[in-house]
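Please examine the structure shown below.

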Amino acid sequence: MPFQPVKFEQVGTFAVGNRLLEPDERTVQSDRRRSNTLTSGHRACQGCGEALGARYVLDSAMRATGGQLVAANATGCLEVFSTPYPESSWQLPWIHSLFGNAPAVATGVAAALKAKGRTDVRVIGQGGDGGTVDIGFGALSGMFERNDDVLFVCYDNEGYMNTGVQRSGATPPAARTATTQAVGDHPGNPFGQGKSAPLIAMAHEIPYVATATVADLHDLEAKVERAMELRGARYLHVLVSCPLGWGTASRDSIHIARLARETGLFPVFEAEHGDVVVVSKIRHRTPVEDYLRPQRRFAHLFAPTLRTDVIADIQARADRNIARFGLLDDVPPEEPS
């Protein structure tokens, strides 16, 4: 049988349709030359937003660097489902770090490449919100402060999903987790806790900070490619839906991520040297109840008693984001105080 090149058109997807667009408008996944950096055989859950996000991020970075890329990966879901010993789904130089030192390991790789004069090889560090916002935050802040030439990507599924769905510093208020049970007068995760890693990254005034979701993959790819055009410390925070931890249907992963943006709960923007330069406007403003109701982690807000007070507090947080970032055309961003 003569050799036949493999074609990646997939029935039932938008891949073929993307090829009708101009080349610079197509996603990386529509290109037959894509690197498939996170390839088949991994063991992520069905509908895993992190697997999708990582695939697009790494393939975009590979295209931007001509395949000259090294990745350092924190312990977490992404590491566990992609590298069950002795197998691996990664098709690039990839190193597994501890839970809390991925930014430091990525920095070390970048320093070694610099010492060797290899300015052509770029470095990405990556981890979940646990390894980024909590356990690895000191190392990440150090990376920002030194302005190390690393793009660090946080795949934020808002909890420690790999170890049993425990609360992280990125878990939203009122969400039920294994460590924030839906009990008492204030069920779920308390209000007023946690932190915004993108805002803290901006406070370091590093060259580039951006947020994205798996609901807009063109936007995600563009931000990765923009980040790889720059040198110094860069940070990308990607909201990745988690059917297991959030209690959503696998088929709804993209829909839920889109609602996070359209409600204003997850603002999507770009910042350079501490200043917001681009904001993705909300196209169809949606009440937060539409985002909360399909997720079992918020089921206690609707039954046995409808907690309108808690839902109103969450809506107020979304409204605050809309005002802060100017997410609606008729709402200009707030002036910094």
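Tyr235 is buried, with a relative accessible area of 0%; buried means under 20% relative accessible area, exposed over 50% and partly exposed in between (1.4 Å probe, protein chains only). This is a predicted model, in which local features need pLDDT of at least 70 and side-chain atom pairs count only at pLDDT 80 or more, whereas totals for chains, interfaces and linings use all residues. Residues are numbered from 1 along each chain as its sequence is written, and side-chain values use heavy atoms, with hydrogens and water left out.

**Aromatic pairs**

- The structure holds four aromatic pairs, where rings of Phe, Tyr and Trp (its six-membered ring) pair if their centres lie within 6.5 Å, and planes under 30 degrees apart count as stacked, over 60 as edge-to-face and the rest as tilted.
- In one of them, the ring centres of Phe144 and Tyr235 are 5.7 Å apart and the planes stand at 75°, so this pair is edge-to-face.
- Phe144 belongs to helix H6 (residues 137-146) and Tyr235 to strand S6 (residues 234-239), so the contact ties together parts 91 residues apart in sequence; helices (H or I, at least four residues) and strands (E, at least two) are DSSP runs, numbered from the N terminus.
- Phe144 is buried as well, with a relative accessible area of 3%.

**Charges over rings**

- Lys195 lies over the face of Phe137, 5.9 Å from the ring centre; the criterion is NZ of Lys or CZ of Arg within 6 Å of the ring centre and within 35 degrees of the ring normal.
- The charged end of Arg297 sits over the ring of Trp246, at 4.1 Å from its centre.

**Salt bridges**

- A salt bridge is a side-chain nitrogen of Lys or Arg within 4 Å of a carboxyl oxygen of Asp or Glu, and by this rule the count comes to 17.
- Arg297 also meets Glu158 in a salt bridge (2.8 Å, N to O).
- Arg297 lies in the loop between H11 and H12 and Glu158 in the loop between strand S4 (151-156) and H7, so the bridge ties together parts 139 residues apart in sequence.
- Arg297 is buried, with a relative accessible area of 2%, and Glu158 is buried at 10%.
- Glu289 forms a salt bridge with Arg293, with the closest N and O atoms 2.5 Å apart; Glu289 is partly exposed at 30%, and Arg293 is partly exposed at 47%.
- A network of salt bridges links Arg122, Asp149, Arg231 and Arg234.
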